[in-house]
Amino acid sequence: YINVQTPAETIYVRVESVTDATCNDTGSFDITVSPTPVANVPMDMIACDDVSNDGIATFILSSRNSMVLGAQNPADFNISYHSTQADADANTAALTSSGYMNAGTGPETIYVRIESVLNDACYNTTSFLIRVDPQAVFNTAQTITLCDDASNDGFEIFDITSNEADILGVQNPTDFTITYHNTQMDADMDTASIPNPVSYTNISTGVEILV
């Protein structure tokens, strides 16, 4: 039977004796069609580690609710987060969406379940990654000094990348990008980086380079 009304329809039932139709009773029940949700794929979540660089951070998983819902009405659906696809399908072992702390063993896949508030059998799932990037630490860099040429004009060409080993220390160079700037604001905002740091002409004597 295909329903003719949405989302709910009343079905009326008659029960009668096979030998005497006057012996009968009637009743009814409802059939409903609940919307099947669409589980939109949310953006991955990336956090910067603290100074401990232990790979652990706290994630507000519920901040991805609106991305999972898209244009769907939030009042029509429940959303939960899980560590495995099996848990998402079974709606078990939901993670704390308001403050989930990752295991610190590398990127983790978070599975999302979105289900109808009218019928929890109507559900869909999706997933995204959470990752903790190492906190960059700036180690003390040495002053770079050159002898002037015969002009004694106070300007020379510097390879300011020669300090990178000192700046990084024991940190893995493949985990970081280093840029050089002439002002603290530019360094903070990551703007106006020095375009050719291996061949940099100082703009004044005793210039300070921000990294």
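This is a predicted model: local features need pLDDT of at least 70, side-chain atom pairs count only at pLDDT 80 or more; totals for chains, interfaces and linings use all residues.
Mentor: Local features here need pLDDT of at least 70, side-chain atom pairs count only at pLDDT 80 or more, and totals for chains, interfaces and linings use all residues. Residues are numbered from 1 along each chain as its sequence is written, and side-chain values use heavy atoms, with hydrogens and water left out.

Trainee: Why is H82 called buried?

Mentor: Buried means under 20% relative accessible area, exposed over 50%, and partly exposed in between, with a 1.4 Å probe and protein chains only. H82 has a relative accessible area of 0%, and is therefore buried.

Trainee: Which residues does H82 touch, leaving aside those up to four places away in sequence?

Mentor: Among them are D87, N91, T92, L95, Y111 and R113, where contact means heavy atoms within 4.5 Å.

Trainee: In which strand is H82 found?

Mentor: H82 belongs to strand β5, residues 77-82. Strands (E, at least two residues) are DSSP runs, as are helices (H or I, at least four), numbered from the N terminus.

Trainee: How do you know that β5 pairs with β7?

Mentor: Two strands pair if DSSP finds at least two bridges between them. Six bridges join β5 to β7 (residues 108-116), so the two strands pair, and they run antiparallel. Within this pairing, Y81 stands opposite V112 of β7.

Trainee: What is the strand order of the open sheet, and why are β3 and β5 at its edges?

Mentor: The sheet has four strands in the order β3-β8-β7-β5, with mixed pairing. Both β3 (45-48) and β5 have a single partner strand, so one side of each lacks a neighbour in the sheet. Four bridges join β3 to β8 (residues 123-133), and these strands run parallel.

Trainee: Why does V170 count as exposed?

Mentor: Its relative accessibility is 88%, so V170 lies over the 50% limit. V170 is found in the loop between α3 (164-168) and α4 (184-189).

Trainee: Which of the two words, buried or exposed, applies to C122, and which to C147?

Mentor: C122, at 14%, is under 20% and therefore buried. C147, at 73%, is over 50% and therefore exposed.
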